[in-house]
Structure formats: structure tokens, C-alpha cells
Amino acid sequence: MKILFIKEKRSESGIEGISIYLLNVCIELNRLGIAYLVLYNSRDLFYQKMVENNVKVEIVDLPPSSAYNILHRYFDVLKIRKLIHSIVLKEQITIINVHFPHLLSYLKTSWGVPIYAHWHGAFVDNKSLEYFDRKNILSPVSLINNIYKKHVVYNFSKAKNIVCPSIAAKNTASQCFLVPENKIKINKYGLKTINPNEYTNIKSELGFKSTDKIILSVGRETRSKGVEDFCNVALSLKERKDFKFVFLGGYRDKKYHEHLIEKYGDVVSFMGMREDINNFYRSTDLFLFLSHRESAGLVLAEAMFFSVPLISWDIIGVNEMFVDGRNGYLCEFSNINQVVSNVVKVLDDEELYEVFSKASLKESSKHTIDQSVENLINLFEKG
């Protein structure tokens, strides 16, 4: 077996949950001695991480996925398809796994190599894709975009199987993109087993007292990732001087970032992108994740490895990661008061905190990379 992974850059640094998962998969494949190659399209931070971890990777100039200038892109696709085919032959590839469905356009089933596609997303409203929508029924541009999405961006027809990290993602693939359910396989994301003792408590570095309690969230600074919900919880608890709210993650909109700093900077520490994320988990007392939509929420698993109790909205994807009342609380979506109450309850009740903390560590065993890779390899071998 030799696997070809194809992934494209999705953020400025290239570092996001999907990237970390693929990195961990490759590290595990190195350990198992299973041959593979990653095709990627940027020498960004993610690429550097791959090189540092001895991941076999090649740079390929993948054209952007866009309905604009379709004719130009068509010839780009032909060029990349020819290049990838030559790599498949040269490297004697036996399995191809793309990490976004539109990357399937660079492949051909006639090559005789089984193709698998990952689908990572989950939508709350899984309406099937249509050519026309009511708002833009007379817009030729909208029609072209919809045709392009249906037949290129979300066309899974070349894939033998679709790999999803959760039931929520499976439902979106099935209901929105009309992928036959018998072609969808669920395989949870996984992480390398983490030893918290290898990392440093950085409360003093952050200017906090040892008795202060850190409430952490990790994600991009966007409304959909719950950054303002997190901030509003912090505002509601601003009288609790021993509660320190920390938001870790990058941003795409500088003006929005500046707005957050101006409005919430006195109650939330915005740390931006940090490479020492595990030091934050090591120092954290509670993980507060208020994203509005997730397919799996890998950061929740990261927190579990550090025995951190969890509080999240009770939404698709997230409510598959942990059970309410076992190692944290799932709260009614948009009910800030319920979140505030549960934050206080967990952090002020030492006995409850200990129960949740131990349960988080126990639950982390369900999210290991070795199990995820074993499942993936079994899928590739058995189809």
C-alpha cells in the first residue's frame, strides 16, 4: 500500500484542525512504516510542520477553486491532472485520499487507483444543492455558481467512499450533497497521546496568579466560532477577578479583531496564533467552546487530554464529542445565562470539578490517532 494524500491551503498559516489531523496521520504512518506522499500547495507554517516531522510532502501549484474564469481554470486542471497522474505512476500509488471534494476534479477513475474523499464539514440546515434559489432566480452569475458548486466543488462521484468524522458530517454529505449513504464511512479524528507533564504552566507568564482560574477557548476570531458568545460570558462574570478568560486563535478580518479588542479587551485576553498551544491547555482550568457549528470539534479532544472539563453549546458535531454531565455541560444554544451558571458551578465546586476532570482524561482515549489511522487503513484495504 502507498497512499497519496492531496490537501490544499485553507488559512493564512495552514494550521487548522484538519491540517493537524493529517499531520498526525502521517506521523503515525511513519511509525507504522506505511508508505505515503502528501501533495500540498504552500510553503506555509503547516508545510514547515510537516517537514519538521519528517512527513514526505511535495509542493504542487493547485489552482484556486472558483467559478470565475472557468475556461482558464479548465486548462489549469488538465495540467495539474497530468502532473498528479505522473506522480501516481512514478510513486506507484495504490490509494488516493483527497481532503476536500473539489480536489477530485484533478483525478480520473480510469487510472485504476481507488479514490477516497474526506468530507469535514457539517451544516445545521442540510438542504440539497439546487441550480436556482429564490433570491437569485434571474441571476446568470448565481446560476453559474450553483452549477459549479453542484458539479465541481461538491461532486463526490469519483470517490469510492466518503470519509466523515461524525454523524453530523455524514448527514450533510447525504442530505445536502446527495451522497449515497452506503458510500459514507465515519472515522473520528484522532490526536497523538499527550503527556501533560511535558508542558509548562504559563499562568505567571500571562500575568495571572496561581490561584486564578483560566477559562480558555480556541478557534478563529469569528462569530460562527463563538468568539462574541465567549466574550459575553466574560462580561457577565467580570466581577469574578479570579476568572481569567483567554481566547486563542488567529483572525482573517483585522477590523473585526480590533473591534473585539476595543469592546472586550478588558475582560478577555486575545492571544492570537500561538505555537505553544499545549502550554495553554496545561494551564487551563475550564475549556469553554461556544462555536455555532462543528463537524467534530477536535479542540475539545485536545482539552480532554489535559483533564480539562468542558462547556459547549449543545449543537451538532459537538454533542457527539462528549456527554452532558459526564465531563462537562452542553448548554442550550444562545442561552448565555446557562453557560455563566455552569462556569461558576464547575469552577466553584471542587468535588464536581474533580469528577469532570478525571472523566475528561478517560474520554480522551476515544480520540487517539492510532485508532483513527487503524480505522482508515482498514477502510482503504477493505473498501
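Select N54, the residue that follows helix α2. Its phi is positive, near 60°. This is a predicted model, in which local features need pLDDT of at least 70, side-chain atom pairs count only at pLDDT 80 or more, and totals for chains, interfaces and linings use all residues. Residues are numbered from 1 along each chain as its sequence is written, and side-chain values use heavy atoms, with hydrogens and water left out.

Now select α2 itself, residues 45–52. Helices (H or I, at least four residues) and strands (E, at least two) are DSSP runs, numbered from the N terminus. At the start of α2, find D44: one of its side-chain oxygens reaches to within 3.2 Å of the backbone nitrogen of F46.

Which residues of α2 are buried? They are F46, Y47 and M50, where buried means under 20% relative accessible area with a 1.4 Å probe, protein chains only. These residues cover an arc of only 100° around the axis, which puts them on the same side of α2. The arc is that of the directions from the helix axis to the C-beta atoms. Show α1 (17–32), β2 (35–40) and β3 (57–59) next; they are among what covers the buried residues of α2.

From β3, move to its sheet. This open sheet has 7 strands in the order β3-β2-β1-β4-β5-β6-β7, with parallel pairing. Two strands pair if DSSP finds at least two bridges between them. β3 and β7 (184–186) stand at the edges with a single partner strand each, so one side of each has no neighbour in the sheet. Select β6 (residues 161–164) and β7: 3 bridges pair them in the parallel sense. One place to look is I162, whose bridge partner in β7 is I184.

Go on to the other sheet. Its 6 strands form an open sheet in the order β10-β9-β8-β11-β12-β13, again with parallel pairing. Here β10 (268–272) and β13 (328–331) are at the edges. Strand β9 (residues 243–248) runs parallel to β10, joined by 4 bridges. Select F247 and its bridge partner in β10, F270.

Last, select helices α6 (residues 227–236) and α7 (residues 254–264). Their axes are 11 Å apart, and they pack at an angle of about 10°. That makes α6 roughly parallel to α7, a label for angles under 35 degrees. Axes are lines fitted to C-alpha atoms, for helices over the stretch in contact, and angles run from 0 to 180 degrees between N-to-C directions. The contact (heavy atoms within 4.5 Å) is made by V227, E228, C231, N232 and L235 of α6 and Y256, L260 and Y264 of α7.

Terms used: Buried means under 20% relative accessible area, exposed over 50%, partly exposed in between (1.4 Å probe, protein chains only). A polar contact is a pair of N or O atoms within 3.5 Å; within protein, one must be able to donate a hydrogen and the other to accept it, and residues adjacent in sequence count only if both atoms are side-chain atoms. Angles under 35 degrees count as roughly parallel, over 145 as roughly antiparallel, 65 to 115 as roughly perpendicular and the rest as oblique.
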